[in-house]
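Please walk through this structure part by part.

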Amino acid sequence: MKVLGLAPDASLAQAKAAFRQRAKALHPDHTPATPETLSRLANAVKAIRHLEKSDATEIVLTLTPAEARTGISRTVNHEGRSGVFRIIAGTTAGTRISAVGDPAFLAMIRIACETGSESVTGETGLGRFIDDFVNRSPAARMAGWLRKARSAA
């Protein structure tokens with residue numbers, strides 16, 4: 001916050017606004033690129049990245065009963081933030097855990113119900129239909145990308 005010229009209790013939104021103003025003022029397109037201005041710009045970039053990483057983020061991780069019983073590790077990417085969550089054996093629904101090495105990246109555990117061979121996570125209707133039949137699989141997306149690459153060549 002000090003690097004961005006803000007009070008210690010300023011919000012992340014205020015920090016982002018101050019960073020944008022500082023970046024505009026120090027950018028080589030507006031200010032001659034001297035070692036001092038480039039250093040100040042680099043410090044502002046480091047400060048905002050640190051603040052964004054330290055801002056608390058909480059997600060919901062849905063596990064099957066078997067995963068909750070035996071434990072599992074999950075890698076999660078959420079809004080540009082990635083983390084590894086180690087869920088220990090015997091984890092119960094409602095437990096909050098933090099990502100390895102990032103205590104501000106939290107996950108609340110939800111355990112899906114299993115009925116027969118199909119798991120029910122509360123998503124039904126149109127959303128489930130879209131996931132099952134409309135959204136392309138990763139393999140189909142890759143095939144489309146390859147077709148575009150070949151036609152461009």
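Thr 91 is buried, with a relative accessible area of 11%; buried means under 20% relative accessible area, exposed over 50%, and partly exposed in between, with a 1.4 Å probe and protein chains only. The residue belongs to the loop between E3 and E4, where helices (H or I, at least four residues) and strands (E, at least two) are DSSP runs numbered from the N terminus. Its side chain reaches the backbone oxygen of Ile 88 at 2.5 Å. With neighbours within four places in sequence left aside, Thr 91 is in contact with Ala 68, Ile 109 and Ile 111, contact meaning heavy atoms within 4.5 Å.

The model is predicted: local features need pLDDT of at least 70, side-chain atom pairs count only at pLDDT 80 or more, and totals for chains, interfaces and linings use all residues. Residues are numbered from 1 along each chain as its sequence is written, and side-chain values use heavy atoms, with hydrogens and water left out.

The chain has 5 helices and 7 strands. From the N terminus on, its elements run α-α-β-α-β-β-β-β-β-β-α-α. Of its 153 residues, 23% count as buried. Among the contacts in the chain with a separation of 6 or more, 39% come from residues 24 or more positions apart. The chain exposes about 10,700 Å², and carbon and sulfur atoms supply 56% of this area, which comes from the Shrake-Rupley method with a 1.4 Å probe; for residues, only the protein chains shown count as cover.

Thr 37 is part of helix H2, which covers residues 35-54. Thr 37 is buried at a relative accessible area of 9%. Its side chain reaches the backbone nitrogen of Thr 34 at 3.0 Å. Apart from neighbours within four places in sequence, Thr 37 is in contact with Leu 26, Thr 31 and Pro 32.

E1 and strand E5 (residues 102-111) pair in the parallel sense over 7 bridges. Glu 58 stands opposite Leu 106 in E5.

Strands E2 (residues 72-78) and E3 run antiparallel and are joined by 7 bridges. They form a hairpin with 2 residues between them, and Glu 79 in the turn has a positive phi of about 50°. Ile 72 stands opposite Ile 87 in E3. Ile 87 is buried, with a relative accessible area of 4%. Not counting residues up to four places away in sequence, Ile 87 touches Leu 61, Leu 63, Gly 71, Ile 72, Arg 74, Ile 97 and Ile 109. Ile 87 and Ser 98 are 11 residues apart in sequence and 9.7 Å apart in space, C-alpha to C-alpha.

Ser 73 is in strand E2 and is partly exposed, with a relative accessible area of 47%. Beyond its neighbours within four places in sequence, Ser 73 is in contact with Phe 85 and Arg 86. The C-alpha atoms of Ser 73 and Arg 86 are separated by 4.4 Å, although these residues are 13 residues apart along the chain.

The structure holds 1 aromatic pair. Phe 85 and Phe 105 form this edge-to-face pair, 5.2 Å centre to centre with 65° between the planes. Rings of Phe, Tyr and Trp (its six-membered ring) pair if their centres lie within 6.5 Å; planes under 30 degrees apart count as stacked, over 60 as edge-to-face and the rest as tilted. Phe 85 lies in strand E3 (residues 81-87) and Phe 105 in strand E5, so the pair ties together parts that are 20 residues apart in sequence. Phe 85 is buried, with a relative accessible area of 0%, and Phe 105 counts as buried at 0% relative accessibility.

Methods: A polar contact is a pair of N or O atoms within 3.5 Å; within protein, one must be able to donate a hydrogen and the other to accept it, and residues adjacent in sequence count only if both atoms are side-chain atoms. Two strands pair if DSSP finds at least two bridges between them.
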